[in-house]
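Please look over the structure below before reading the notes.

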Amino acid sequence: MIIQIDFNSSEAIYMQLCNQIIMGIATSKLQEGDPLPSVRQMADTIGINMHTVNKAYAVLKQEGFIQLDRRRGAVVAIDVNRIKAMEGLKEQLLVLLAQSRCKGITREEVHTLVDEIFDEYK
């Protein structure tokens with residue numbers, strides 16, 4: 001999996017890294033049990049600070065996408081609590097759907113968009 005960081009983006013580098021790893025999992029480029037590069041390797045490959053990679057890995061661990069092991073390093077391990085994930089998704093969707101509604105986006109358009117996005121993850 002190739003990680004590409006946009007150094008001109010307003011999004012924090014550690015979040016870009018997190019999001020790309022999550023996208024890799026969602027698109028099956030990364031599978032359960034796959035090892036991620038060590039913090040040092042990832043930092044060297046991308047050209048970022050090791051502390052930034054550490055922060056990204058810590059966030060991914062906290063959100064249940066990876067496990068950190070002293071011997072094996074960072075490993076994809078999806079153990080996200082489904083109920084907690086659904087509650088978080090609902091909170092985010094409430095705001096996004098309210099914004100969409102204010103901008104005149106219809107229910108059908110939202111459903112079509114969601115279906116298009118989900119189809120990318122097959």
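Helices here are DSSP runs of H or I with at least four residues, numbered from the N terminus. The model is predicted. Just after helix α3, Gly64 takes a positive phi of about 85°.

**Helix α3: length and ends**
- Helix α3 covers residues 50–62, and at 1.5 Å a residue its 13 residues should span 18 Å.
- Where α3 starts, a side-chain oxygen of Asn49 comes to within 2.7 Å of the backbone nitrogen of His51.

**Helix α3: two sides**
- Val53, Ala56, Tyr57, Val59 and Leu60 are the buried residues to look at in α3.
- They lie on the same side of α3, because they cover an arc of only 160° around the axis.
- An α-helix has 3.6 residues a turn, so residues three or four places apart point the same way.
- His51 and Gln62 are exposed, on the other side of α3.
- The cover over the buried residues of α3 includes the helices α1 (13–26) and α2 (39–46), as well as the strands β1 (66–69) and β2 (73–76).

**Gln16 in helix α1**
- Gln16 is part of helix α1 and is buried, with a relative accessible area of 6%.
- A polar atom of the Gln16 side chain lies 2.8 Å from the backbone nitrogen of Asp6.
- Leaving out residues up to four places away in sequence, Gln16 touches Gln4, Ile5, Asp6, Ser9 and Glu11.

**Rings**
- Lys55 lies over the face of Tyr14, 4.2 Å from the ring centre.
- The count of aromatic pairs is zero.

How values were computed
Residues numbered from 1 in each chain as written. Predicted model: local features only at pLDDT ≥ 70, side-chain atom pairs only at ≥ 80, totals over all residues. Heavy atoms only, no water. Expected span 1.5 Å × (residues − 1). Buried < 20%, exposed > 50% of the residue type's maximum accessible area, 1.4 Å probe, protein only. Arc of directions from axis to C-beta. Contact = heavy atoms within 4.5 Å. Polar contact = N/O pair within 3.5 Å; in protein donor to acceptor, adjacent residues only side chain to side chain. Phe/Tyr/Trp six-rings, centres within 6.5 Å; stacked < 30°, edge-to-face > 60°. Lys NZ or Arg CZ within 6 Å of the ring centre and 35° of its normal.
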